[in-house]
Amino acid sequence: MAEFENLEEQRDEVEALESIYMEDFVKLSDEPPLRYAIGLVPNPGEADGENHVRASITAILPPSYPILTPELTIEAPALPAARLGELKDVCAGAVRELAGNVSLMAVTEAARDFLLQHNVPPPSSAHEQMLKNAKARAASGDGPALAAAA
């Protein structure tokens with residue numbers, strides 16, 4: 001009986017996520033273990049120019065989820081490795097907070113909030129980044145300013 005209840009909870013959560021994320025939600029398996037992927041951007045519905053980062057969360061739900069935690073794979077190609085690690089920690093924290101309860105809605109919300117906080121455009125070029133760093137050093141008094149940076 002408990003496995004049936006778990007499967008019903010899983011399907012209800014998947015249905016809710018599918019209705020929220022629509023075309024960004026991909027069902028990979030409709031039979032246990034349920035598997036799906038969700039694409040996330042910081043500003044859904046905005047032009048792509050407003051979203052400088054994006055992430056994909058692939059979830060595999062063990063038959064006893066939510067008693068057991070989901071297996072999550074998180075990818076975010078535009079984030080540096082350290083930031084990706086932080087995003088994974090944020091998602092793992094959301095799962096831990098709701099241990100024993102459905103948690104994937106909280107995971108997607110936490111991930112989207114993280115992306116929103118780190119939604120910065122990449123530097124245009126290495127040269128522009130060098131000039132920006134030189135200006136910052138000069139402004140803080142840590143080094144000489146480049147003539148071109150002024």
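In what order do the four strands of the open sheet lie, and is their pairing parallel or antiparallel? In the predicted model examined here, the order is S1-S2-S3-S4, and the pairing within this open sheet is antiparallel. The edges of the sheet are formed by strand S1 (25-29) and strand S4 (71-75), each of which has a single partner strand, so that one side of each is left without a neighbour in the sheet. From one strand to the next, the twist averages 15°.

Within the sheet, strand S2, comprising residues 34-40, and strand S3, comprising residues 55-61, are joined in the antiparallel sense over seven bridges.

The secondary structure of the protein as a whole consists of four helices and four strands, which follow the pattern α-β-β-β-β-α-α-α along the sequence. Helix H2 (residues 81-97) lies across S3 and S4 and runs at about 150° to S4, whereas helix H3 (residues 104-117) lies across S2, S3 and S4, running at about 25° to S2.

With regard to overall packing, buried residues, taken as those under 20% relative accessible area, make up 31% of the 150 residues in the protein. Of the contacts with a separation of 6 or more, 48% are accounted for by residues 24 or more positions apart. The accessible surface of the protein was computed to be about 9100 Å², and 55% of this surface belongs to carbon and sulfur atoms.

Terms used. Residues numbered from 1 in each chain as written. Predicted model: local features only at pLDDT ≥ 70, side-chain atom pairs only at ≥ 80, totals over all residues. Heavy atoms only, no water. Helix = DSSP H or I, 4+ residues; strand = E, 2+ residues; numbered from the N terminus. Buried < 20%, exposed > 50% of the residue type's maximum accessible area, 1.4 Å probe, protein only. Contact = heavy atoms within 4.5 Å. Areas by Shrake-Rupley, 256 points an atom, 1.4 Å probe, with all protein chains shown as cover. Pairing = 2+ DSSP bridges. Axes fitted to C-alpha atoms, helices over the stretch in contact; angles between N-to-C directions.
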